[in-house]
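Dear colleague,

Please find below the structure that I am passing on to you.

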Amino acid sequence: MKVLVTGGCGFIGSNFVRRLFESRGDGVTVVNLDKLTYAANPASLADVAGRRNYRFVKGDIADPDMVRLAMDGCDAVVNFAAETHVDRSLLGDASFIETDVRGVFVLLEEARRRRIAKFIQISTDEVYGTIAEGSFHEDSPLNPRNPYAASKAGGDRLAYSYWASYGVPVVVTRASNNYGPYQYPEKLIPLFVTNAIDGHPLPLYGDGRNVRDWLYVKDHAAAIDFLLDAGEPGETYNIAGGNEAENIEITHKVLALLQKPKSLIRFVDDRPGHDRRYSLDAGKLGRLGFRSVTPFDEGLAETVRWYGEREDWWRPIKERDAAYQEFYKTQYGDRLATSSSTAKPPG
Ligand code: NAD
Ligand code: TYD
């Protein structure tokens, strides 16, 4: 099987490429099409880069010529490539529309032309929006509430439309918040782990009681690997971690693992339109036969250990990347200046 993986130099994509080689060995050829945005790190795949059945193509999924070249001879496509950070989308970045909507369109058009055997569109639980009680299932209405979520919902439904309109064998997946090795230090867990290692403040939004469901990235990669064979065209599958927790609980666990004081926690002004709770019912994937859930405490301990051992991976980003430092200042400068040690009102 020859698989085009897009965004393979990002967090989940790199874990997925590694998973494919672990589970399928020489039975798979991987073409990794990645634009190498700020979120990419080719070092994340250093251990597989020399394989004969791996090829890297630097390019944009919204560029039809690059997509034609990269998809040549492929049986399947797994589209991870996206702009992914909610806070950046709230700064008015047009690349969310360009990649998460138009890029998906370009990939689908090429897949339609080529009669690809399976196209997996990696969507997100954020397309459902927030839920006070219970859990979303695949037929729940979509109600994306921030620009990232809305652009992902556009890509999600565009992909489905290529099944409904043209019979492109599209499978859509909606996973909950991932955590694990190789995650760029802008998202909650890697940001807080690396800040805590350095004794820097941990900026918790609002009252810190928003709930996310945490999925270990290796479990997510295993689920996508499974769906590459078992996913039914035209179907959507939720992928959950089964580990719902308030952000403050996660923060306390990170501090405890690193033996750092709670005084590092700073409550800062909330994210605008901050979704209160995400929750998924992943029964459909379970009924298809998939089981693989790493207990949260185990996955978190492994993650914290990884960031402790791989300072060579994240320090260059945090200490030498001017764009990262500029983003950090924009996102947290004023917030930290007006932060407090007690909860702020939720936004
Ligand atoms: P990431 O930000 O770590 O990596 C994204 C990768 O896509 C980078 O390597 C980047 O260079 C590449 N990319 C961006 N724009 C591109 C373009 N136009 N053309 C080619 N490559 C491009 O993202 P991630 O956290 O690994 O997320 C991967 C996918 O999973 C995304 O589609 C995201 O929406 C989805 N998802 C993420 C989570 C999560 O918790 N991280 C949860 C559910 C779903
Ligand atoms: P994040 O990792 O950005 O993922 P998402 O927005 O996709 O859920 O955020 C996870 C949760 O952590 C979310 O409720 C926002 C919160 N958060 C903070 O409190 N402080 C931060 O600095 C960040 C990045 C996130």
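**Ligand 2**

A polar side-chain atom of R271 sits 2.5 Å from an oxygen atom of ligand 2, which is a polar contact (a pair of N or O atoms within 3.5 Å; within protein, one must be able to donate a hydrogen and the other to accept it, and residues adjacent in sequence count only if both atoms are side-chain atoms). For H274, the distance from a polar side-chain atom to an oxygen atom of ligand 2 is 2.7 Å, and for Y332 the corresponding value is 2.7 Å. Taken alone, ligand 2 exposes 510 Å², of which the protein buries 97%; accessible areas come from the Shrake-Rupley method with a 1.4 Å probe, and for residues only the protein chains shown count as cover.

This is a predicted model, in which local features need pLDDT of at least 70 and side-chain atom pairs count only at pLDDT 80 or more, while totals for chains, interfaces and linings use all residues. Residues are numbered from 1 along each chain as its sequence is written, chains are lettered from A and ligands numbered from 1 in the order in which they are written, and side-chain values use heavy atoms, with hydrogens and water left out.

Around ligand 2 there are 20 residues, and E126, R212, R271, H274 and Y332 come nearest; a residue is counted if one of its heavy atoms lies within 4 Å. By class, this shell has 9 nonpolar, 5 polar and 6 charged residues. Ala, Val, Leu, Ile, Met, Phe, Trp, Tyr, Cys and Pro count as nonpolar, Asp, Glu, Lys and Arg as charged, and the others, Gly among them, as polar.

**Ligand 1**

Ligand 1 is surrounded by 28 residues, the closest being I12, D34, T84, Y148 and K152. An N or O atom in the side chain of D34 is 2.6 Å from an oxygen atom of ligand 1, and a polar side-chain atom of K152 lies 2.7 Å from an oxygen atom of this ligand. Taken alone, ligand 1 exposes 840 Å², and the protein buries 97% of that. The shell around ligand 1 has 13 nonpolar, 11 polar and 4 charged residues.

**Helix α7**

Of the 14 residues of α7, 10 are buried (under 20% relative accessible area, with a 1.4 Å probe and protein chains only). Among them are V217, D219, H220 and L228. Helices are DSSP runs (H or I, at least four residues), numbered from the N terminus.

Terms used: Buried means under 20% relative accessible area, exposed over 50%, partly exposed in between (1.4 Å probe, protein chains only). Helices (H or I, at least four residues) and strands (E, at least two) are DSSP runs, numbered from the N terminus.
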